[in-house]
Amino acid sequence: MNLSPHFDLPEFLRSDTALRLGIDMTPPPPVVAALTALAVNVLEPLRAHLGAPIHITSGYRPLRLNTAIGGARTSQHMVGQAADIYVTGMTPPQLCRAIIAFGVPFDQCISEFGWTHVSFNPAGKQRGQVLTAFHRPGGGVGYRPGLPE
Ligand SMILES: [Zn+2]
């Protein structure tokens, strides 16, 4: 099932952890609607702008999967509003900057550890929030505003 010309649903449902743990990845209709909004409003225009494929490393995460991988308790992945992406040849801060400069609407763009988290809220206002993930000295992951220099 295609969500937009270059993105299909299975790309957002792949998870080695889900396979290993036998987690059902069948998305409920509101999740499919949210993933479609993310593809149509953010990923498809961004792909056209960059002229390069966008690879998705994580999309929809049912609660059990999100818990298993230690995802944020309120993660937008759980409702199909977020995807972790990368573009070959671009670092996460570079991809965040490209998203911001392009002016595509987004709720959050987070420079993570080798990937970029981007989200779109189909029901509300896009916050346009930009964060950088970092490893806390005592363990765990923290987020600070903005991007590294
Ligand atoms: Zn993410």
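A residue is termed buried if 20 or more other C-beta atoms, placed from the backbone, lie within 10 Å of its own, exposed if 12 or fewer do, and partly exposed in between. The model is a predicted one, in which local features need pLDDT of at least 70 and side-chain atom pairs count only at pLDDT 80 or more, while totals for chains, interfaces and linings use all residues. Residues are numbered from 1 along each chain as its sequence is written. Helices (H or I, at least four residues) and strands (E, at least two) are DSSP runs, numbered from the N terminus.

By the burial criterion, helix H2 contains the buried residues Val31, Ala34, Leu35, Leu38, Ala39, Val42, Leu43 and Leu46. H2 comprises 22 residues and spans 30 Å from its first C-alpha to its last, close to the 32 Å expected at 1.5 Å a residue (1.5 Å times one less than the number of residues). A kink of about 40° is centred on Ala39, the bend at a residue being the angle between axes fitted to the seven residues ending there and the seven starting there. After H2 comes Gly51, with a positive phi near 65°.

The buried residues of H2 pack against strands S1 (2-4) and S2 (7-8), and against S4, H4 and S6. Neighbours within four places in sequence aside, Val42 is in contact (C-beta atoms within 7 Å) with Val104, Phe106, Val118 and Phe120.

An open sheet of 6 strands has the order S3-S4-S6-S5-S7-S8, with mixed pairing; two strands pair if DSSP finds at least two bridges between them. Its edge strands, S3 (55-58) and S8 (141-145), each pair on one side only. S5 pairs with S6 (residues 116-119) in the antiparallel sense over 4 bridges, and Ser111 stands opposite Thr116 in S6. The S5–S6 hairpin has 4 residues between its strands, and Gly114 in the turn has a positive phi of about 100°. S5 and S7 (residues 129-135) run parallel, joined by 4 bridges, with Gln108 opposite Gln129 in S7.

Conventions. Contact = placed C-beta atoms within 7 Å.
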